[in-house]
Every structure is written in structure tokens, then in C-alpha cells.
Amino acid sequence: MALTLLVLLLMIGYYLYKVDQYAEAVSSLHESASDFETTLILNAQGATLAEFNNPDTGQRKVVPLNQISPWLIHATVSTENETFYSDPGFSVFAIVRAAYNNLRAGDVLSGPGASTITQQLARALVLETEFASQRTAERKIVEIIVASEIKRKYTKNEILEIYLNEIFYGNFAYGIEAAAQTYFDKPASNLNPIEAAFLAGLPQSPATYDPVVNREAAIRRMHTVLRLMSEANGTGCIAIQHDDTTQWGVPSSGALCVIARPQPNGTTLYYYTTPNTPEPQELSLELALVETKTFTPPANQFLHPHFVNYVWQQLEDTYGPQAIYSAGYRVYTTLDENIQSAAERAIASQLGELAARGINARNASAVVINPKNGAVLAMVGSADYNNKDIDGQVNIAFTAQQPGSAIKPFVYLTAFMPDEQGRYLTPASVLWDVRTDFNGYVPVNYDQQYHGPKTAREALGNSLNVPAVKVLEYAGLLRFTETATRFGIRFPLGNPVERNAGLPTALGAVEVRLFDLVAAYAALGNNGVRVEPFSIVYIEDSKGNEIYRASGQTGEQIVPPEYAYLVTNILSDGAARAEEFGRGWPLELQGGRTVAAKTGTSNDSRDVWTIGYTPQYAVGVWVGNSDNSPMTGLTGYYGAAPIWNEIMEAAHAGLAVESFQPPPGVVQAEVCRDSGTVPSPQCAGRTYVEIFASSAPPPGPDQDIYRSLYVDTFTQKLANDACAGEAEYRTFLAIGDRWAYDWLNNDPAGNAWLAQRGLQAPVMPPPTEYCNPAEPRPYVVIAAPGQDATVEGVIQVLGTVTMPNFSRYEIRYGLGHSPTAFSEPLIVDPQERREPNALLGQLDTRVLQNGPYTLRLVAIDQYGRFVRRDIRINVNNQAAPPPMPTPAPTLTLPFAEGFMPSPTLAPTLTPTWTLTPTPG
């Protein structure tokens, strides 16, 4: 009992102590709202970039509560503090709920949902700046004590009026009047329910929901507020406690209600009622106007304003805007003035040159990041911040743009890493750049040509589109999205899986942000270690006390280093991209400095990119138009790469050359250029050395595409006892891409590729089935002349020819007993010869020189399948004929299943043959 009493006395004592400590600040709450001190933002060299003075000047106008739209009060109370009018300044239920949620997340009392409007006012205007920014239980307890004291000294309407005139709505808008003017160009009294919902959603996180930088997030937040308004008090109604003098004319205790009516198509229609308009009024038009509105920030006179705004939003998000002003911070940033200025000059110069050439390219953005520590060294958000014609105040580095081919490195990286089944590609994997139909989607390369088989190194280096789509199909859209997300790539309009974007994702069809893409490339250059980008080095308050310093940025290994290095090695291989891009400027740097680079061009050249990195810097450049109009014919190479090169050269001036060092786990191996496997004997002379991850080595020689198999010449099936008499070894190509066969067999370039390898069209995949003993088979026999017979004069060729689906038989001859070529068909007969020893044809051997010959009988079915029989003969006529020319040998290859054999052309040699008529 005594212990309980002691604890109670201590609690009361602590409460009274804190009340006394903050009594003066609570009593002067109105004065505290205007107590501000200048905050400075400085670059890495210590020079001032911006001064943030008292925001009252042109940025804040205090308005009485009765001149603020009652819908703004409804939206704010519904979103921030549903029990505002009845609670004692804090909500026990909200605190318990938030504590439970945050304990589950491992962060005690730090999450949203625990602070009432009164508590937020206490934190912003009463508590010390540093203490107010802490996320501790003590701060929360003190906040509750101060809030209860504010509630004791002020009415609910006074608290609400101070709050709405004090709260920060982003883009330097302090108080609801400034916010209404900034975002909707109207006074706070005229806000309708939709506009009120939009504005009430911003204060929770002005940086996150900034409609200029992240318009989609702001719209989603507005819909959340509308839902909360429709659910307020279980009825969607809030009763205000003052006499409203705006156009809405709601009396004290009058209820404003928002009604939500879900529609069958999944959308929701919103309506409102007031005491003056009891019939529900639809809000569809008002909602559409806000959803389609373009938001722009107010003008300012900062140096490098986009970077300054980026830093300021982080300060607001971390400390709150009121705390920043009251402390008079000195914010030291990462911005390197030399690199920033070089980027701005390069953009201005290149856009001027493009304009002189008549190219419609009016805007550009650039970001520079240190891959090793994540420092943001430069940021050009637009070509001209103050140019309204290009929406210059919009920071393109954080808007959604299609990346084109700049996204491809992450597609290939995904495929290089083994999946759950252990499947993977390597830099040596052969990708067939041939016309391919993906269920109606037929991608084409930028040069409108197909280039045949290319290694993954060549395909990525030359930015070929068809192979990239095949790589994404192999890797899978979900795995790619997961990889990109690990690298910090955001998809502002929805990720590829959510949008069911499909294979065009490989060519940049899904929008990303330049800033994220540069940070992701920086992680590639850091061997897969992603360091969170940062722009603030340290912060001092007005008394010189350091209140923040960026800790050592160690980063996170998001992919195994050897796989990231594979991509870096390809992107830094000038020879690998030379076929399409050539060598030298602008994708290579002076002095032999190693650099990895990738361009990108979206459809109709609406967005062109170049992103690249060394071990020291990652630089990304976007060129385009804010209205998304096309820049016909412009590419990342010609549009963005010159800017990228100039920034790179300026950033590296005076720095030692650093090369990308392969991490442990990278190995070299000799592979077959035609297949990407360890070479088989058939690949001799077509090998090269490639790098691999040791955990993803090249496939063995048994996976080479060349397969010599013992097959039945008639069925083209694997030979066994059922067809041994018709079997021979043939070379097949085991290619996993079915479209490759069409190119090899029907395109002249494919035919040439085969000829270079001693093969002839048509080629087919290797068979997998064996001969079936029950399958009907041909019966082809040469009965006479006999094997190795000596013949003279006119000889008869006797035998039997019968086969399923018979088409014809042919008789040819070749010189010698092992001829390399045969004559054109000398007999072509469409009739089977079923009887034994039937007459197939006659030959007058007197037109031939004496010597060895081979007769060939070929039987062919309606599908082009065939069998053949060869008989060796020796011609020995007593009176030899005059010498005749010897036919030039022509290589005759086996016929493939399903194709009609064509005659082998040879010089004319016409012995006297008699085609025996078929008996009637």
C-alpha cells in the first residue's frame, strides 16, 4: 500500500513538474506560432544554397476558424483525431492502439495514430525542438501532459484555429489559408469537400504526399481521407462547434456528412449533406477536377533549387517544419558545387545544340551519386527551374518516366542469378535475335534488323530488344520486379506485376524515377551493395550544437557481388557494344578510364537516357519534354550521352583511374561461341573465354547445341533394332528457341550461318523418340546388279520399292565406290514396284568411262521422308568411249524429316537411260 502511494505521489509530482516547466509556453501559444529563426542549407564546400526565413511573409495568413471551410474541419478531425471535440487532449484508445501496432513492429510508441490534434500542437509549439523529435516513451508522456494542459487553458475551437493556421501542408505552405492558395488558388473559406480531403491528407507526411513530386501518392491519400470522412463516428458526420460564416453557412452543432456509395465496377461515388442541403449532393465532378489537376510549387530564389527542395523535404519529414524554423538549423549537405555546375552547364549546352538542329528536346535532368557511400553530389531537376513553359519547377528526377533500354541490365541480372529450380543464364548464353512472336507481341530492334545468335554479353552491350524480351520471359516478371525493388527502383504508377505489364517491361514500358535508377546503377558499380542515398552530412542548431550527423554508410548486399559484377563487366565492355554504338565518345571516357554505361530510348523518343558509373561516381541523365511530346529520331546515345559524358569528365577531373575489381566468386572459362557451353568436339575453332559466377558455371559439353545421333533416315527417330537397317549418324541442332529454326532454315543469313559450320538447311531439333516396331516401314531393295558386280553395255536395275505414303523413287549415280556427290536424278518414277525383281530402270554403261561407280536408289514419301540404297559396280566395256568430263563433287547431306529432298546439281553427264513403262 505504501509503495503504491509512493508511486502515485511520484507520478503526481512528475506531472506538476512538467506542467510548471511548460506553463509559460502553453500560456503564450499564440505567440509561439510566429517564433521562427532562419535556417541555412549549405553545400559540401560550406557555401549557402538557401535561407529559410519567417514563413509569415507571403506564406502564412492567419484566418479565424469561422472563415475556414467546415469541410476542412470535417476532413482534419476525421483523419487526425475523430474524438477531438470530446477528448481531454489525448486519446487513451488511440495511444493503446498505436502502442500495440508499433510494439508488433518493434518501434515503441513511434508510429502514426497515437497523437491527437492537441498533442500535435504541443509537440510543434511547446516542446523543445530536439526533445520533440525524439521517439521515446518519455517524450510521449510529456506530450500528453502538455496536451492536457493546453486543453485546460484553451477551448476546442481555439485549439483547432491555432492548429489549422500552424500546420504545414508542404511546398512552404504554413496554415490552411496558404495551402488553399498554393494548391487551389482560392481562400480556405471556399474549399469544397474534395479539396478539403486532399489538403487534410498532406500534413501527416508533407514530403511523402507532396503532390508536385509524388502526385499519385497525394491522390491515393485523398481517397483515404474521403473514406475516413465517410466512416467518421460511424455515420460519416461531424458536428462543428462554432458558427460558420463561409459560403456553407453551417451553424454551431450543425452536422456535415460525407456518404460513400460503392459501385458495381469497384469505384466509389461520394455525396455530401449539410443542414442547408439535406439532400445528398454528388461529388463526382469535384473529384475529377482534383484528380486531373496539375500541381506546381511556389517560386523561390534558391541556388540549385531542386536539390534544396529535396533536402528541405527530408528535414520536414524528419523534424517537422515548425521545429526546423524554431531551431535555426545550419544544414550541411553533400552537394558538390563543381559537379552540380558542370551538370547544369552540360544540360544547357546540349539542349541548345539540339534546338539548333531542330530537335524538339526542351528539358533534361541529371543526378550524380557516390556508389561507395550514397552521397548525392548533384541534382538538376529540370533545365530551368523558373521556366513555366517546361514546368521547370517539377523535379524530373522524381517523376515517372519510361526508361527504355536503361532497365535492361536488371532484366539480365535477374536471369544470371539461379532461380528456385537452379536455372540461370550466363554472359555466354546464346540468345537468338530473330523474328519472334510472343503470342501476338512481336518486338523489333531499334535498327529494324535481326542479328541472329548473340551471346548475352553482345545482346546487352548492343541493347538488342528481341533478346532482352526473351531474357525477361526466361527470368519471369515477378523475379525481375523483386530484383528491381531490392535495388530501390520504384514504379510510381504501379509495378510490372500489379499492372500486368508483361514482356514489354524488358524494353522499359513501366515507368521509373531517374533518381532511383541512378542509385540502382550505383549499387551495380558497388558490386551489389546498395547504400541508401543521402544528402545531409550533419546539422547544427543556432547555438552550434550538432544535432545530427550521417553515420557511416555501410550499405546492404542486395545481390551476390559476383552477379552484379557480371553486369558491370558487360556494361564496361566497349568491344561488346561496338557493333551498334561504335567506340569512343560519348560512351567512353578519356585516358582509358573504365566506365560502365547504358543508354535508353522510349517509344517515339519521348524519353532518352544515359546512365553509367565508375567506382567513384554514378551519373544518370534524362532528356525529354514535360508534356511528353516526342523527339522523333533522338536516342539516348545522341540526346543524353553527350551530357552524361561531360558530367563524367568534370567529376573525374584530377582523380586517379580506378577499375572495377572482380570479387571472389568470379571465374573464367573457355566456352563455345555457338552455345555458351563448355565446348564439345564439334565446336572446335569457335571458342572464346568468358567470365562466370563460380556458382553458375557454363553448362557442360553435353549441353552443346551440336548433337550427332544415330537415327532412322526414314522416320528421323532414334535408331534401334526396329530400324537399324535404315540408320546413320546425323548432326542436329539442340536449340531451345523454336524461332531460331525458322531463321536458320528460311533466312539467307541463317543459311549462311549453317554453311559456315558445314551444315545445310533444313536443320531440326534432335529427336527424342525411338523407332516403333509396329510402325509401317518401307521396303526398298536393289536386286540387280549385285554388290561389286562388273557390268558392261546396257544393264537393268531390278528391285522392289514400296513404302507408306509413297511419292516417288529416283535413281542417281556417283563416281567411285565412296562418292562425295551424285548426279541429278536420272529416273523419277511415281509408281511403286511391289513385286520382287521388278524392273526399275536401264543404263547404257557404254557412255561411261571404265571404272568404279555407285548406283543410288532413293524412295521418297509424301512428307519428304526417304530411304536409300547404294550398290557398288565396276564398268568394264571392251571398247571404251571417248573421255568425258568428270562431274565436280557436290556435297549431299541427309534429308531432314518433313522436307522434300532436292536434286543435287552436277555437270551434265548423260548416259542412255531407258525409263521402263509401267505395265498397263
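Helices H10 and H11 are roughly perpendicular to each other (a term for angles of 65 to 115 degrees). Their axes cross at roughly 110° and come within 11 Å; axes are lines fitted to C-alpha atoms, for helices over the stretch in contact, with angles from 0 to 180 degrees between N-to-C directions. The residues that make the contact (heavy atoms within 4.5 Å) are tabulated below.

| Helix | Residues | Contact residues |
|---|---|---|
| H10 | 176–184 | Ile 176, Ala 179, Ala 180, Tyr 183, Phe 184 |
| H11 | 193–200 | Glu 195, Phe 198, Leu 199 |

Of these residues, 7 are nonpolar and 1 is charged, with no polar ones; Ala, Leu, Ile, Phe and Tyr are among the types counted as nonpolar, and Glu among the charged.

The model is predicted: local features need pLDDT of at least 70 and side-chain atom pairs pLDDT 80 or more, while totals for chains, interfaces and linings use all residues. Residues are numbered from 1 along each chain as its sequence is written, and side-chain values use heavy atoms, without hydrogens and water.

The sheet is open, with 4 strands in the order S3-S4-S5-S6 and antiparallel pairing. Strands S3 (237–239) and S6 (277–282) stand at the edges; each has a single partner strand, so one side of each lacks a neighbour in the sheet. On average, neighbouring strands are turned by 15° against each other, direction ignored. S3 pairs with S4 (residues 255–262) in the antiparallel sense over 3 bridges, where pairing requires at least two DSSP bridges. Cys 237 has Cys 257 in S4 as its bridge partner. Helices (H or I, at least four residues) and strands (E, at least two) are DSSP runs numbered from the N terminus.

Technical notes: Angles under 35 degrees count as roughly parallel, over 145 as roughly antiparallel, 65 to 115 as roughly perpendicular and the rest as oblique.
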